[in-house]
Amino acid sequence: MVVDDQLLMRGALEHFVSSAEGLVLVGAAVNGVEAVAGVQKLAPDVVLMDLQMPEMDGVEATRVITERWPSVRVLAITTFSSEHYLVPALQAGVQGYIAKDSRPEDVIEGIRKVSLGDAVFSPHIMHELIDTVRNQQTRSVVALVEHEHLTPRELDVVRELAEGKSNAEIGEALFLAEATVKSHLGKILEKWQVRDRVQVLVRAAQAGIVRIGS
């Protein structure tokens, strides 16, 4: 499902999705209110969500959707990557954050990855996410309590995740089976008591485990 208040952008995104092999466009909306109603009626797997819209913006719509329908994945697509939009969108539950100046094929690949549970970020947005969270912690890095400590291999997985890699790509980089990567991620989620891969990245940045350029 595509959500964007700009007619031209919404039409372009609808075209890209409709033309992509293996994807089906089930509907579109022009604001957050329509997005919530559309999800309830159409039950999409993925919502491609603009953030700045009238009546109800994409952040609030994402919060409502992820609370009511946890299985629905939301991929934010926006011109804005500033802290004003980035952090609230992550807190609301987006599974990815991609810039509108991305290539059409990158948007389609992002939809596919999000549908499989991967976190998706444009490279500069990934760096901005880590930088933003670290700047919020300049006075004191959030320490990990004992039960949150990860094994060396789990730390490797977190660092690869911070590069924006999918499970398969992490497995290739670390010479692990994809099922093993999923197992490590499951243990990380349990230890850190977070809900998804995005929150793993936020927690890792807070703890100083991942850094820009690392």
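1. A salt bridge is taken here as a side-chain nitrogen of Lys or Arg lying within 4 Å of a carboxyl oxygen of Asp or Glu, and by this rule the count comes to 9 salt bridges. The model is predicted, with local features needing pLDDT of at least 70 and side-chain atom pairs counting only at pLDDT 80 or more, while totals for chains, interfaces and linings use all residues. Residues are numbered from 1 along each chain as its sequence is written, and side-chain values use heavy atoms, with hydrogens and water left out.

2. The chain holds 10 helices and 6 strands, these being DSSP runs numbered from the N terminus (helices H or I of at least four residues, strands E of at least two). Of its 214 residues, 50% count as buried, where buried means under 20% relative accessible area, exposed over 50%, and partly exposed in between, with a 1.4 Å probe and protein chains only.

3. Arg103 takes part in two of the pairings described here: one salt bridge joins its side chain to Glu105 at 3.5 Å, N to O, and another joins Arg103 to Asp106, with the closest N and O atoms 3.0 Å apart. Arg103 is partly exposed because its relative accessible area is 49%; Glu105, at 47%, and Asp106, at 30%, also count as partly exposed.

4. Within helix H7, Arg153 and Asp156 lie 3 residues apart, about one turn of the helix, and they form a salt bridge whose closest N and O atoms are 3.2 Å apart. Arg153 counts as partly exposed at 32% relative accessibility, as does Asp156 at 27%. Elsewhere, salt bridges that share partners join Asp4, Asp50 and Lys100 into one network.

5. How do helices H8 and H9 pack, and at what angle? Helix H8 (residues 167-174) and helix H9 (residues 178-192) have axes 8 Å apart and an angle of about 105 degrees between them, which makes H8 roughly perpendicular to H9, a label given to angles of 65 to 115 degrees. Asn167, Ala168, Ile170 and Gly171 in H8 meet Glu178, Val181, Lys182 and Leu185 in H9, a contact meaning heavy atoms within 4.5 Å.

6. Gly164 sits in the loop between helix H7 (152-161) and H8, and at 27% relative accessibility Gly164 counts as partly exposed. The C-alpha atoms of Gly164 and Leu201 are separated by 9.9 Å, although these residues are 37 apart along the chain.

Key:
Axes fitted to C-alpha atoms, helices over the stretch in contact; angles between N-to-C directions. Parallel < 35°, antiparallel > 145°, perpendicular 65-115°, else oblique.
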